[in-house]
Amino acid sequence: MGLLQMIKSQFLCHLFAGYVFLVSGLIINLLQVCTLPLWLVSKQLARRINIRLAYCINSQLVAALEWWSGTECTLYTDPKSYELYGKENAVVVLNHSFEIDFLCGWTFCERFGVLGSSKVLAKKELAYVPVIGWSWYFLEIVFCKRRWEEDRRTVAESLQNLHDYPENFWFLLFCEGTRFTEKKHQISMQVAESKGLPKLKYHLLPRTKGFWVTVQNLRGSAAAVYDSTLNFRNNETPSLLGILNGKKYHADLYVRRIPLEQIPEDEADCAAWLHKLYQEKDSFQEHYAQTGRYPGPIVSPARRPWTLINWLFWSCLLLYPLGLLLSQLVSSGSVLTLVVSVALCSAASLGVRWMIGQTEINRSSNYGNKPASLNNN
Ligand SMILES: CCCCC/C=C\C/C=C\CCCCCCCC(=O)SCCNC(=O)CCNC(=O)[C@H](O)C(C)(C)COP(=O)(O)OP(=O)(O)OC[C@H]1O[C@@H](n2cnc3c(N)ncnc32)[C@H](O)[C@@H]1OP(=O)(O)O
Ligand SMILES: CCCCCCCCCCCCCCCCCC(=O)OC[C@@H](O)COP(=O)(O)O
């Protein structure tokens, strides 16, 4: 392990990065709360401000991926479609197989200028995650309980609300609804068999209702579905902790742009269309397993400096109060102050570790672990 790699794996580096993320994130959450009165005066201005505030949070994780770990993300797509990315609203369908799949999505959001406005159909539990989850209220992120009878109305209403969104956005749908595990795959394939559907080797069976309600309610606003299939070279199993330790990964993403007009409006036809799409995605993963690449040309956008500049800005801004605090701590010599400071530090680092745990598949939910009739979160 080189010197730089050793420095990146130091706990003190992670502690500082966590301090900057947490404190800057809470400051930004507070600023977002302050925009609430503005929603009554000018909703569009409030939205534009929140897009930029959210960028300050999300881009710190993208900076960790792109600059700290140096992870490379290669895009395989049609050059004609590439020209449209970032210039239209789109529904992104991405396989949910890795702990940092969302982060690889975010790096492309950043490079196409939609990181602050990006949205997702997210499980309700994530709304309670400090900083990121809290910021999503102000981004009008769509939350679901993963219970259709409760979700169908709330999801439709939330999506309708996005029709007058002032800036281009990508709406991410992980149609499998949960991260891939062998146990969930086994159960999912039993459901596939019971439905007479072909078994999938690399994916869980997609949940089609959320996709149908999303496409139905974004027609007229979103121009296309970006069918996105992600994998990592050398059978890597990347993690957010690995990123924080400076581990470099190499992601490959295959994106196909499918105009929304090509997607059936009828619910049953739309469901059949999505099942066929996932069978195609499965074949792309097989192609990747055999050849180490996706079909089609590589047109990768280069990483941009803004995520690094944003992180450096917040680090410099927060370094001063941290220095003051530490110098007062040392000069006071008070044992009580020392104990309280150490306790606060420990609580904050445990909090950040819990947040990182939200991305870890070994802590995933029970959703999809039971057959269809008994399914719950
Ligand atoms: C280029 C890349 C850029 C991308 C980046 C862009 C933006 C990024 C922005 C933000 C990043 C944020 C990162 C956070 C990500 C967090 C994401 C999540 O939280 S994923 C979990 C929440 N989302 C979903 O669940 C979406 C998919 N689910 C649905 O759509 C569901 O339909 C639902 C609307 C949630 C309703 O849930 P429910 O369980 O009631 O679903 P269904 O009714 O559909 O399920 C029953 C249905 O499924 C069949 N089935 C299949 N397998 C099973 C199984 N194992 N158990 C039970 N049932 C199963 C079942 O037979 C039924 O079939 P049918 O519909 O035919 O009756
Ligand atoms: C600059 C460096 C910063 C260092 C500190 C890092 C702080 C950590 C931030 C944590 C961010 C958490 C964002 C939540 C994203 C979780 C995405 C996800 O994948 O959720 C899982 C669900 O889809 C499905 O859940 P399961 O049913 O599989 O269970």
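Predicted model: local features only at pLDDT ≥ 70, side-chain atom pairs only at ≥ 80, totals over all residues.
## Around ligand 1

Residues are numbered from 1 along each chain as its sequence is written, chains are lettered from A and ligands numbered from 1 in the order written, and side-chain values use heavy atoms, leaving out hydrogens and water.

The shell holds 39 residues, with Lys 123, Trp 148, Lys 195, Lys 209 and Tyr 367 coming nearest; a residue is in if one of its heavy atoms lies within 4 Å of the ligand. By class, that's 21 nonpolar, nine polar and nine charged residues.

Here are some polar contacts (pairs of N or O atoms within 3.5 Å):

| Residue | Part with the N or O atom | Distance to an oxygen atom of ligand 1 |
|---|---|---|
| Lys 195 | side chain | 2.7 Å |
| Arg 207 | side chain | 3.2 Å |
| Gly 210 | backbone | 3.2 Å |

On its own, ligand 1 has 1400 Å² of accessible area (Shrake-Rupley, 1.4 Å probe), and the protein covers 89% of that. Elements giving two or more residues to the shell include α8 (148-160) and α10 (208-218).

Now for Trp 134, which sits in helix α7 (residues 132-138). Why does Trp 134 count as partly exposed? Because its relative accessibility is 37%, and partly exposed runs between buried (under 20%) and exposed (over 50%).

How values were computed
Helix = DSSP H or I, 4+ residues; strand = E, 2+ residues; numbered from the N terminus. Buried < 20%, exposed > 50% of the residue type's maximum accessible area, 1.4 Å probe, protein only. Polar contact = N/O pair within 3.5 Å; in protein donor to acceptor, adjacent residues only side chain to side chain. Nonpolar A, V, L, I, M, F, W, Y, C, P; charged D, E, K, R; others polar.
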